Amino acid sequence: MPVYRSISSKCWLSGDERGTSFMTVMLLMLIIGALGVAALTMTGMENSMAGAVRMVEEGTDAAEACVGSAVRAIRLTIEDPQMTGPAAALIAPQGPVPALNQGIFTQEINGTLRNHADIAIGTGNAPNLVMNVNGYVVNGDIDFLYSKRRTGSDFADPDKPTYDQFYRVDCVAANAATGATSRVIVTFDCLNSTGEGCVKRANNG
């Protein structure tokens with residue numbers, strides 16, 4: 001009888017060890033599976049974040065392209081106020097200035113309209129520039145802010161003093177497929193003299 005009890009006890013211990021090993025393996029598989037799911041989730045999130053960053057960069061690049069076109073439009077229109085010479089290329093369909101907006105556009109460049117209430121996007125929008133850049137529709141607004149006579153500019157020619165003309169350029173790029181938007185607002189100081197350029201000013205606030 002003692003021998004049978006001893007064999008039974010050994011069998012019971014052996015079965016218990018097998019159960020413990022099974023539970024350990026299952027627990028390890030559960031942990032490994034959870035880690036795998038977590039790794040896949042993190043990879044998906046990283047890809048989504050990278051895609052979002054790329055879209056922001058693309059939108060910003062599109063808006064910056066609009067700013068560059070706005071500066072060129074300002075310079076050409078200062079030198080060709082009637083837009084019958086080189087500036088005529090700015091008018092749609094060849095250029096970014098909508099034909100219906102040409103009159104307002106020229107007044108905003110020459111300063112007849114200052115701080116005009118038109119906007120690039122939103123209710124009642126009347127953009128001065130409309131462009132398509134890499135899948136983005138870009139609307140741009142140019143506002144003449146103010147002008148300032150440059151000190152000493154009349155020494156050489158009293159009849160033709162030089163003025164610093166300050167413009168605000170507001171460009172918004174929108175991706176119709178994703179709804180993503182990017183906005184760039186820049187202020188420029190442009191001289192009213194033919195052949196002169198525009199200098200980007202630091203925006204406050």
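**Entry 1: a leucine to begin with**

I started at Leu35, which counts as exposed at 57% relative accessibility. For my notes, buried means under 20% relative accessible area, exposed means over 50%, and partly exposed falls in between (1.4 Å probe, protein chains only). Leu35 lies in helix H1. Helices (H or I, at least four residues) and strands (E, at least two) are DSSP runs, numbered from the N terminus.

A word on what I am looking at: this is a predicted model, where local features need pLDDT of at least 70, side-chain atom pairs count only at pLDDT 80 or more, and totals for chains, interfaces and linings use all residues. Residues are numbered from 1 along each chain as its sequence is written, and side-chain values use heavy atoms, with hydrogens and water left out.

**Entry 2: surface patches**

Patches are made of residues with over 30% relative accessible area and no salt bridge; like charges are joined within 9 Å, and nonpolar side chains (Val, Leu, Ile, Met, Phe, Trp, Tyr) within 5 Å. A salt bridge is a side-chain nitrogen of Lys or Arg within 4 Å of a carboxyl oxygen of Asp or Glu. The accessible areas come from the Shrake-Rupley method with a 1.4 Å probe, and for residues only the protein chains shown count as cover.

I then looked up a negative patch, formed by Glu57, Glu58, Asp61 and Glu64. Lys and Arg count as positive and Asp and Glu as negative, while His and the chain ends are not counted. The place of a charge is NZ of Lys, CZ of Arg, CG of Asp or CD of Glu. Glu57 lies in helix H1, and at 48% relative accessibility I note this residue as partly exposed.

**Entry 3: disulfides**

How many disulfides does a search of the whole structure find? I have two in my notes, a disulfide being a pair of cysteine sulfur atoms within 2.5 Å.

Cys66 is joined to Cys171, S to S 2.1 Å. This link is left-handed, with -65° about the S-S bond. Cys66 lies in helix H1 (residues 2–79) and Cys171 in strand S3 (residues 163–174), so the pair ties together parts that are 105 residues apart in sequence. Cys66 is buried at 0% relative accessibility, and Cys171 is buried with a relative accessible area of 0%.

In the other bond, the sulfur atoms of Cys190 and Cys198 are 2.0 Å apart. Here the link is right-handed, with 115° about the S-S bond. Cys190 is buried at 0%, whereas Cys198 is partly exposed at 21%. Counting bonded cysteines along the chain, I get the pattern 1-2, 3-4.

A reminder to myself: most residues other than glycine have a negative phi, and most peptide bonds are trans.

Where did I find a cis peptide bond? It joins Ala92 and Pro93, with omega about 10°. Pro93 is found in the loop between H1 and helix H2 (102–110).

Met83 is found in the loop between H1 and H2, and its phi is near 55°, a positive value in a residue other than glycine. Is Met83 buried or exposed? I have Met83 down as buried, with a relative accessible area of 4%.

Asn134 also has a positive phi, about 50°, although it is not a glycine. This asparagine is found in the loop between strand S1 (129–133) and strand S2 (136–149). Asn134 is exposed, with a relative accessible area of 72%.
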